[in-house]
Amino acid sequence: MLDRNRRIKTCPEKFQLCTERFDVLVTCEERVYDQVIEFMESKTPTYNLPVHVINIDIQDNHEEATVGAFAICDLITMMAQSDDLDNDIDELLHDFESKCQRSVLHCVLFY
């Protein structure tokens with residue numbers, strides 16, 4: 001996994017240093033999900049806009065990473081097709097959990 005990451009990333013990425021604005025943040029490990037929430041809650045909201053933080057646990061091996069990547073891609077595609085993500089997200093996540101047999105953590109924060 002590390003060799004593959006070295007080929008596709010120029011350097012390690014740190015979410016906390018990113019200045020872009022997001023509507024959805026997806027993590028693949030509950031520990032990281034908790035860290036993202038803690039970081040977001042420690043900041044004073046600038047835009048007062050919602051951000052959906054979603055966790056889908058994926059084991060750190062090639063097979064799970066590949067399957068998980070396709071599952072996340074499907075979820076993001078469903079979200080992108082929504083006309084009102086804030087109102088539709090609970091149903092979308094429920095449908096995703098049923099389809100993929102994966103549990104999902106979700107919270108909404110304002111930033």
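Helices α3 and α4 are roughly antiparallel to each other, because the angle between them is over 145 degrees. The model in the viewer is predicted.

To see this pair, select residues 62-80 for α3 and residues 85-100 for α4. The two helices pack at an angle of about 150°, and their axes lie 10 Å apart. Look at the crossing of α3 and α4 next: the crossing is right-handed.

Now show the side chains where the helices meet. On α3, select A71, D74, L75, M78 and M79. On α4, select L85, I89, L92, L93, F96, K99 and C100. These residues make the contact between the helices. Coloured by class, the contact of α3 with α4 shows 10 nonpolar and two charged residues, and no polar ones.

Move on to the cysteines. How many disulfides does the structure hold? The count is zero. Select C28: this residue is in no disulfide, and the nearest cysteine sulfur, that of C73, is 13 Å away. A disulfide requires sulfur atoms within 2.5 Å, so C28 is not paired with C73. C28 is partly exposed, with a relative accessible area of 34%.

Finish at C100, back on α4, where C100 is one of the residues in the contact with α3.

Note on methods: Residues are numbered from 1 along each chain as its sequence is written. This is a predicted model: local features need pLDDT of at least 70, side-chain atom pairs count only at pLDDT 80 or more; totals for chains, interfaces and linings use all residues. Side-chain values use heavy atoms; hydrogens and water are left out. Buried means under 20% relative accessible area, exposed over 50%, partly exposed in between (1.4 Å probe, protein chains only). Axes are lines fitted to C-alpha atoms, for helices over the stretch in contact, and angles run from 0 to 180 degrees between N-to-C directions. Helices (H or I, at least four residues) and strands (E, at least two) are DSSP runs, numbered from the N terminus. Angles under 35 degrees count as roughly parallel, over 145 as roughly antiparallel, 65 to 115 as roughly perpendicular and the rest as oblique. A crossing is left-handed if the near helix is turned anticlockwise from the far one by less than a right angle, and right-handed if clockwise. Contact means heavy atoms within 4.5 Å. Ala, Val, Leu, Ile, Met, Phe, Trp, Tyr, Cys and Pro count as nonpolar, Asp, Glu, Lys and Arg as charged, and the others, Gly among them, as polar.
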